[in-house]
Amino acid sequence: MAEEFASATAPVEWSAVAGHEETKERLQTLLREGRVPHALLFSGPRGIGKRMLAAATAAALLCKSPKDGLACGVCESCRALAAGTHPDFYAVLPEKAGKAARSIKIEQIRELRAEAARRPRLSARRTVLLDDVETMNDAAANALLKTLEEPPGDTVFFLVTGARQSLLPTIVSRCTGVRFAPLNDEAMAQVLTEHGVSEELLKPLIALSEGSAGRALRLFEEDALSLREDAMETLERLPQMTPEDVFSLGEQLGAMDRERLSEWLRYFRMLLRDLLAIYGGSGALLNADLEERLFALPGKISERKAFLAAREAAEAARRIETSNAVTRLAIESFLLRTGK
Ligand SMILES: [Zn+2]
């Protein structure tokens, strides 16, 4: 666990963070000029390197002999960070409790407050990194807000989120925003190649990942193409299914792991998006490799049905992401409304 934690937050080299050239330049200028604000909010799509860059910025702030504003990689501070033992670097990640989704709890924020108030031991200041801050409940968020309003000592806070819109506005306004855009195809290819993805898989993975290298790598590891195949087959069968078939399918899908089901729904929606593109006369398909099968769908699913299905699938995905209890229900009502 400790090892996993260290590797999740250990800074990589600045240059190893792919893409985001303008953002990196802006941060490096702040570092070089010693003007890094006391709280930064890194926001943008998931899996694009926000946390890596936050950790690398923290490393630069803690470094004993920074070079051109960036961490040297060899001083006592840099070595302690790499080993996950730096006393002035504190990271908070969402924790799992029982069956509930991972979240940052108020106890973690209380510990953070105590931690952040202590004097730095190795470096000139302390740094705190909070990832997935949108998973805080209201109590935790209010506790964090207090900390940001009365910043203890010379501590720099890095808040990282893939869902900026769900944060308390008061927290957002306390931070200097650093927005991240999805990675471009070139940066995506760079990251994927570094992780051993073969040439022929680059194109479909990049097409399926919307500029998120994290997503692409997960897809690669989880054999996402088989999950998409499952969604495709469901879409092909759905128009002929009886309500009984639909219920048993709902049962089957409802038993899936939540994240996998969300992913399945994503493919289902992407396939529907392609079907609607076909109806709209646009030739640009996201799943270009399935073109032949997609062009066979208009005979089975009307444009109106496809439109409704896309809407229902989006609603089901939203419900599954925001609530623990309704997975089965959400998926069944979506299938019933989508089927014949
Ligand atoms: Zn250093």
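Colleague: What makes up the secondary structure of the chain?

Modeller: In this predicted model, the chain has 16 helices and five strands. Helices are counted from runs of at least four residues, and strands from runs of at least two.

Colleague: And how is the chain divided into domains?

Modeller: The domain assignment gives domain 1 (2–181), domain 2 (184–222) and domain 3 (223–338). Between the C-alpha centres of domain 1 and domain 3 there are 37 Å. The C-alpha atoms of the chain fill a box of roughly 70 × 40 × 35 Å along the principal axes.

Colleague: Let's turn to the sheet. In what order do the five strands lie, and how do they pair?

Modeller: The order is 2-3-4-1-5 in an open sheet, with parallel pairing. From one strand to the next, the twist averages 15°.

Colleague: Why are strand 2 and strand 5 called edge strands?

Modeller: Strand 2 (89–92) and strand 5 (176–179) each pair on one side only, which is what marks them as the edge strands.

Colleague: How do you know that strand 1 and strand 4 are paired?

Modeller: Pairing requires at least two bridges. Strand 1 (residues 39–43) and strand 4 (residues 155–161) share five bridges in the parallel sense, so by that cut-off they pair. You can find Ala39 opposite Phe157 in strand 4, while Ser43 has Thr161 of strand 4 as its bridge partner.

Colleague: How many bridges join strand 3 to strand 4?

Modeller: Five bridges join these parallel strands. One example to look for is Val128, whose bridge partner in strand 4 is Phe157.

Colleague: What makes strand 4 count as enclosed?

Modeller: A residue is buried when 20 or more other C-beta atoms lie within 10 Å of its own. Seven of the seven residues of strand 4 are buried, so the strand is largely enclosed by the rest of the structure. Thr155, Phe157, Leu159 and Thr161 point one way, Val156, Phe158 and Val160 point the other way, and all are buried.

Colleague: Why is the crossover from strand 2 to strand 3 called right-handed?

Modeller: The test is to look with the strands pointing away from you: a right-handed crossover follows a clockwise path from the first strand over the helix to the second. The chain goes from strand 2 through helix 5 to strand 3, and this β-α-β crossover is right-handed. Strand 3, helix 6 (residues 138–149) and strand 4 also make a right-handed β-α-β unit.

Colleague: Ala117 is in helix 5. Why is Ala117 called partly exposed?

Modeller: Ala117 has 14 C-beta neighbours inside 10 Å, so it counts as partly exposed. The class lies between the exposed limit of 12 or fewer and the buried limit of 20 or more.

Colleague: Which residues does Ala117 contact, leaving aside neighbours within four places in sequence?

Modeller: Ala117 is in contact with Pro152 and Gly153. Its C-alpha atom is separated by 8.1 Å from that of Thr155, 38 residues apart along the chain.

Colleague: What makes a group of residues a nonpolar core, and which residues touch the most other members in the largest one?

Modeller: The members must be buried residues of the nonpolar kinds, joined through C-beta atoms within 7 Å. The largest such core has 61 residues, and Phe42, Ala56, Ala58, Ala59, Leu129, Phe158 and Leu159 touch the most other members. Helix 3 (residues 50–62) gives the largest share of this core, ten residues. At least three residues come from each of domain 1 (2–181) and domain 2 (184–222).

Colleague: Which residues does Phe158 touch?

Modeller: Not counting residues up to four places away in sequence, Phe158 touches Leu40, Phe42, Ala54, Thr57, Ala58, Thr127, Val128 and Leu129. A second, separate core of 26 residues includes Ala231, Leu294, Ala313 and Leu335.

Key
Residues are numbered from 1 along each chain as its sequence is written. This is a predicted model: local features need pLDDT of at least 70, side-chain atom pairs count only at pLDDT 80 or more; totals for chains, interfaces and linings use all residues. Domain bounds come from an automatic or database domain assignment. Axes are lines fitted to C-alpha atoms, for helices over the stretch in contact, and angles run from 0 to 180 degrees between N-to-C directions. Two residues are in contact if their C-beta atoms, placed from the backbone, lie within 7 Å.
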